[in-house]
Amino acid sequence: MKRVSLVAAAVVACFAAQSAGAQTLKTVKDRGILSCGVSQGLPGFSAPDDKGNWTGLDVDVCRGIAAAIFDDPSKVKFVPLSAKDRFTALQSGEIDVLSRNTTWTLSRDTSLGVNFAGVSYYDGQGFLVKKALKVNSALELNSASVCVQTGTTNEQNVADYFKGNNMKYEVIAFANADEAIKAYESGRCDVFTSDVSQLYAQRLKLATPADHVVLPEVISKEPLGPLVRHGDDQWFDVVKWTLFAMINAEELGVTQSNVAEMAKSDKPELRRVFGTDGNLGEQLGLTKDWVARIIKATGNYGESFERNVGAGSKLEIARGLNKPWNKGGIMYAPPIR
Amino acid sequence: MAIDARPPPSQFGARLRRALGGRSGWKGLIAQLLFVAVLCWIGYAIVDNARDNLTNQRIASGFGFMSQTAGFGVSQTLIPYAESDSYTRVFLVGLVNTLVVSVIGIFFATLLGFLVALGRLSPNWLIARIAGGYVELIRNLPLLFQILFWYLAVLGALPGPRQSVSVFDSFFLSNRGIVVPRPVGEAGLDGFLVALLIAVIAAIVLPIYARRRLFDTGKPMKVWPWSVGLLIGLPLIAVLIFGRPFGFEIPALKGFNFAGGARIAPEFVALTLALATYTAGFIAEIVRAGILSVHKGQMEAGASLGLSRGATLRLVVIPQAMRVILPPLTNQYLNLTKNSSLAVAIGYPDLFSVFAGTTLSQTGQAIEVIAITMGVYLLISLITSALMSLYSWRINRSMGA
């Protein structure tokens with residue numbers, strides 16, 4: 001299956017001349033639905049719930065874009081992709097935007113023909129081990145077997161980390177995270193390594209999550225965010241500013257419940273944001289009320305965070321670095337003006 | 001036959017026309033040339049379009065990435081590999097892993113396949129039924145399922161390294177694989193190797209000599225006691241003269257894992273087992289069909305000569321059956337090699353997994369990586385089928401066909 005889709009994607013890449021042009025927004029509008037690449041099931045970021053609806057932080061970015069375009073957050077087709085197939089799917093035009101816990105790195109930015117539209121989650125790589133091993137630090141992992149998902153920055157970071165600390169290791173790389181975590185659970189590996197947020201998410205899938213512990217070391221920077229194909233600046237702007245709108249909304253105190261009321265405010269800043277003053281939304285190729293549409297659909301960034309991965313979710317991840325800049329975090333978006 | 005039987009040159013044009021244009025002559029030839037031209041044009045358009053698109057999308061292209069540092073680890077490598085090596089090295093590591101699994105898989109699949117086929121044809125009711133049951137079961141279950149079965153259900157059920165099953169405290173079986181003592185060369189190694197080499201050469205030359213003597217003098221000679229004697233005796237004498245050829249590095253549990261010794265990883269075992277048992281099911285049917293294709297009169301002729309059933313099969317029936325068996329057998333060998341790419345499901349670092357998988361996603365060079373991978377699988381397939389054709393040609397020649 002995977003083989004077929006890869007080759008097919010390569011062939012599609014040969015012919016997909018038109019989709020690469022500067023008209024993704026028009027294509028999406030004409031099609032009437034946004035095609036969004038997500039993970040194959042990572043609770044909190046992108047996973048189908050028991051009713052089959054995709055939910056999560058990454059999913060909310062897609063829903064926000066759909067809301068900004070169609071005023072309807074349900075007009076998204078979610079395409080689950082493995083780490084190793086995700087870029088080909090974007091390059092070939094199979095998806096319009098990839099919102100799938102993808103780390104922003106220089107080489108990806110320059111050689112894959114993609115543009116990162118910002119950071120939706122500041123993460124770092126960590127290690128999950130069984131409590132029974134009585135390991136307290138990643139520096140005690142010499143000669144351990146490490147399970148990892150192939151085609152990720154994690155695979156290279158773990159190599160750097162063990163080499164840098166003069167430790168030996170054996171890496172077993174699996175095509176998707178579920179296979180890797182299964183091998184870890186069966187005892188094939190001593191350690192499962194991934195972004196810390198994913199470690200918490202994957203731990204929930206284990207039979208007894210309480211028997212496993214995330215080690216304190218964070219060995220890398222993993223800024224995760226949505227990305228689009230290179231060469232379509234208008235579409236790039238739409239995706240970028242949808243994310244920025246969610247982050248700015250939190251800063252301005254605009255929430256899902258008070259958005260209607262705030263839209264009537266006569267504060268100059270809010271008048272610009274809600275399009276009662278100026279035509280910022282139309283400059284993006286959207287409508288004047290684009291921010292109101294997004295926040296009505298998904299809430300602001302903070303609300304999305306709490307609902308999907310924070311205190312209001314099973315993951316209970318602390319805001320940490322992902323707090324707004326004026327509350328001690330580094331979540332910072334350029335102003336809407 | 002006289003030399004001037006060669007066709008006169010004037011007929012050359014006509015022959016060419018017939019060969020290329022078929023019965024419709026020049027018209028057919030022109031149509032074919034047009035068709036080829038269109039095909040070339042389409043091919044050019046595809047390549048040109050792809051190149052334009054890649055440039056427009058600013059996707060790097062070309063094969064320069066092959067010399068970049070890979071920067072990720074690979075668990076099982078038969079050639080030296082470090083994270084600081086290039087993607088070319090990764091490619092070689094994957095290729096070697098694929099070839100090793102394929103060759104070992106093909107060996108065991110052939111062995112098991114022949115045994116099961118003979119079992120299914122056996123007059124013994126029980127053996128025939130067991131062999132038949134094996135074939136039906138194996139052929140009707142998907143290969144991926146069988147790989148995962150061996151990996152997760154059988155090998156995954158083994159205890160962890162600290163509770164591993166051990167024999168003499170030097171052989172260990174755990175979910176990390178099979179760990180055995182590793183031979184390490186010592187003082188007597190050179191003498192030992194020379195003695196072994198001489199013995200092997202003698203064991204090859206001896207049957208040839210015996211055969212010639214049989215033809216010249218009519219005296220048969222039992223070769224195998226000599227060969228065995230030489231193969232065991234000579235190295236033994238060398239050991240007595242030069243001292244111990246090698247010692248053993250005994251593996252020991254250290255930290256998380258075994259240190260020292262040689263290790264066969266469970267991914268390798270699971271993949272080889274699954275490929276061999278699966279393909280054996282198909283080979284068994286091919287061999288059975290081949291044997292049944294030989295007229296039963298041959299079996300009776302063998303019996304009338306006083307040959308045992310085994311000897312008749314070995315000397316009379318199977319050589320004739322091979323002509324029928326070989327072509328489909330080649331297909332099975334090719335299938336096994338290609339199926340080894342399912343390794344990606346259990347983390348065995350074969351070519352498809354480390355190159356068309358990890359390398360592709362790290363570099364994003366989909367077209368180049370896929371092209372190289374396709375080329376390599378094609379090349380492996382062509383070589384396999386060429387070797388099998390050679391073997392088939394030799395068999396046919398030796399049988400005077």
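The model is predicted. Over all chains it holds 2 disulfides and 19 aromatic pairs. The largest pocket has a volume of about 1,100 Å³.

**Disulfides**

- A disulfide joins Cys36(A) and Cys62(A), with the sulfur atoms 1.9 Å apart. Cys36(A) belongs to strand E1 (residues 34-38) of chain A and Cys62(A) to helix H3 (residues 57-70) of chain A, so the bond ties together parts that are 26 residues apart in sequence.
- Cys36(A) is buried, at a relative accessible area of 0%, and Cys62(A) is buried with a relative accessible area of 0%.
- Cys147(A) and Cys189(A) form a disulfide in which the sulfur atoms are 1.9 Å apart. The S-S torsion of Cys147(A) and Cys189(A) is about 65°, and the disulfide is therefore right-handed. Because Cys147(A) lies in strand E9 (residues 144-149) of chain A and Cys189(A) in the loop between helix H7 (177-185) and strand E11 (191-195) of chain A, the pair ties together parts that are 42 residues apart in sequence.
- Cys147(A) and Cys189(A) are both buried.
- With the bonded cysteines of chain A numbered in sequence order, the pairing reads 1-2, 3-4.
- In chain B, Cys40(B) counts as exposed, at 52% relative accessibility.

**Largest pocket**

- The largest pocket is lined by 33 residues, of which Lys168(A), Tyr169(A), Glu170(A), Ser75(B) and Arg263(B) are the closest to its centre.
- Two or more lining residues come from each of strand E10 (169-174) of chain A and helix H3 (87-121), strand E7 (257-259) and strand E8 (262-264) of chain B.
- The lining of the largest pocket comprises 17 nonpolar, 11 polar and 5 charged residues.

**Aromatic pairs and charges over rings**

- Among the 19 aromatic pairs, Tyr121(A) and Phe305(A) are stacked, at 5.9 Å centre to centre and with 5° between the planes. Tyr121(A) is in strand E7 (residues 121-123) of chain A and Phe305(A) in helix H14 (residues 301-308) of chain A, so this pair ties together parts that are 184 residues apart in sequence.
- Tyr121(A) counts as buried at 4% relative accessibility, as does Phe305(A) at 0%.
- The ring centres of Phe65(B) and Tyr87(B) are 6.4 Å apart and the planes stand at 55°, so the pair is tilted. Phe65(B) is buried at 2% relative accessibility, and Tyr87(B) is buried at 3%.
- Phe45(A), Tyr121(A), Tyr301(A) and Phe305(A) are linked into a cluster by ring pairs.
- Arg319(A) lies over the face of Phe305(A), 4.9 Å from the ring centre.
- The charged end of Lys240(A) is placed over the ring of Phe236(A), at 4.0 Å from its centre.

Key. Residues are numbered from 1 along each chain as its sequence is written. Chains are lettered from A and ligands numbered from 1 in the order in which they are written. This is a predicted model: local features need pLDDT of at least 70, side-chain atom pairs count only at pLDDT 80 or more; totals for chains, interfaces and linings use all residues. Side-chain values use heavy atoms; hydrogens and water are left out. A disulfide is a pair of cysteine sulfur atoms within 2.5 Å. Helices (H or I, at least four residues) and strands (E, at least two) are DSSP runs, numbered from the N terminus. Buried means under 20% relative accessible area, exposed over 50%, partly exposed in between (1.4 Å probe, protein chains only). On a 1 Å grid over the protein atoms alone, a cavity is a set of points where a 1.4 Å probe fits but cannot get out, and a pocket is an open set with protein on both sides within 12 Å along at least five of seven lines; lining residues have an atom within 4 Å of a point. Grid points are joined across faces, edges and corners, and a volume is the space filled by probe spheres set on the points. Ala, Val, Leu, Ile, Met, Phe, Trp, Tyr, Cys and Pro count as nonpolar, Asp, Glu, Lys and Arg as charged, and the others, Gly among them, as polar. Rings of Phe, Tyr and Trp (its six-membered ring) pair if their centres lie within 6.5 Å; planes under 30 degrees apart count as stacked, over 60 as edge-to-face and the rest as tilted. A charge sits over a ring if NZ of Lys or CZ of Arg is within 6 Å of the ring centre and within 35 degrees of the ring normal.
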